[in-house]
Amino acid sequence: MEGLTTVSDMSVLSVKGHRILAGLGHRNSSTYRSIMEMLARFGYGSIREVMYDQKISLRTAINRLWYLQSAGLIQRFESQTVPTEFYCLTPDGRQAVRNFNISVEISGFTPRQYNLIYQQHDRLLIKTFSALRRIFGSAFLGLVSEHQLKREAGGKRQRHGGKRVLDGEFKLQVTKSQMESAQPGAQVAKQSVEEWRGGLELELSLKTPKRYRRQFEDLAAEIFDAKTDRRSRGWCCSRSE
């Protein structure tokens, strides 16, 4: 059950870490759990993503990250950019995520895997996830990461003779209403709740018209079934300013 650990679990989880994640009266437990979830899901992030996701000040973010680090749950590493330091889970942190069921997806990222070239894209994905969660509220059911999509596709998703895997797919709870008639003021005859998945593709820079035409051809193949011409999924594109 959530919030319970065994004796062996405690050997890798400090008393401080257990207290702040278990939610046993700790006022900031939800914030700590959210930060751990973010790092587990996306691998790493900076203090800016923590501030944006949690809507907290710089000083508060510094304190929360320091506390998690002192508990041995996260670690800092040099980013070679601004901010100068990023954060990721420690092995004990990943174990804590499992113990407390904080995230269904746990990245195995380590600082050795860090690549400066991709950091802007990776961090924009975190902010996009946070924004979608704010926009859709309780209707937002989560995000399937690129890594998970690769596993689902067996690493071989073919598009027009090439490989294409999305940056992610977000899940939404959608309520469909069937009206008694098309007249104004008509009553709802039937309602159903469905889970929809929408593709997520991020763009950091403008492309040439030819490149965009090719991309939209690829996206059309994802959105529409060639045989039935029925919509299968939507798309959300984000661009940094």
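Reader: Which residues touch the most other members of the largest nonpolar core?

Author: In this predicted model, the largest nonpolar core has 38 residues, and Leu-21, Met-36, Leu-68, Leu-73 and Ile-74 touch the most other members. The largest share of this core, 7 residues, comes from H3.

Reader: What does Leu-21 touch, leaving out residues up to four places away in sequence?

Author: Leu-21 touches Ser-29, Tyr-32, Arg-33, Met-36, Leu-73, Ala-96, Phe-100 and Ile-102.

Reader: Why is H3 called largely enclosed by the rest of the structure?

Author: A residue counts as buried under 20% relative accessible area. In H3, 12 of the 14 residues are buried, so the helix is largely enclosed by the rest of the structure. Among the buried residues are Tyr-32, Ile-35, Met-36 and Leu-39, and also Arg-33, Glu-37 and Arg-41.

Reader: How do you know that the span of H3 is close to the expected one?

Author: Helix H3 covers residues 29-42 and reaches 20 Å from its first C-alpha to its last, against the 20 Å expected at 1.5 Å a residue. After H3 comes Gly-43, with a positive phi near 95 degrees.

Reader: What makes the aromatic pair of Phe-136 and Phe-170 stacked?

Author: Ring centres must lie within 6.5 Å to pair, and planes under 30 degrees apart count as stacked. For Phe-136 and Phe-170 the centres are 6.4 Å apart and the planes are at 15 degrees, which means that the pair is stacked. The structure holds 13 aromatic pairs.

Reader: Where in the chain do Phe-136 and Phe-170 lie?

Author: Phe-136 is in helix H7 (residues 119-136) and Phe-170 is in strand E7 (residues 168-179), 34 residues apart, and the pair links distant parts of the chain.

Reader: Is Phe-170 buried or exposed?

Author: The relative accessibility of Phe-170 is 8%, so Phe-170 counts as buried. Phe-136, at 35%, is partly exposed.

Reader: How do you know that Lys-127 lies over the face of Tyr-52?

Author: The charged atom has to be within 6 Å of the ring centre and within 35 degrees of the ring normal. Lys-127 lies over the face of Tyr-52 at 5.7 Å from the ring centre. Arg-134 lies over the face of Tyr-52 too, at 4.3 Å.

Reader: What is the mean pLDDT of the protein?

Author: The mean is 81, and 78% of the residues reach 70 or more. Over residues 155-162 the pLDDT is below 50, and it stays under 50 over residues 226-241.

Note on methods
Residues numbered from 1 in each chain as written. Predicted model: local features only at pLDDT ≥ 70, side-chain atom pairs only at ≥ 80, totals over all residues. Heavy atoms only, no water. pLDDT = per-residue confidence, 0-100. Contact = heavy atoms within 4.5 Å. Phe/Tyr/Trp six-rings, centres within 6.5 Å; stacked < 30°, edge-to-face > 60°. Helix = DSSP H or I, 4+ residues; strand = E, 2+ residues; numbered from the N terminus. Buried < 20%, exposed > 50% of the residue type's maximum accessible area, 1.4 Å probe, protein only. Expected span 1.5 Å × (residues − 1). Core = buried A, V, L, I, M, F, W, Y, C linked by side-chain atoms within 4.5 Å.
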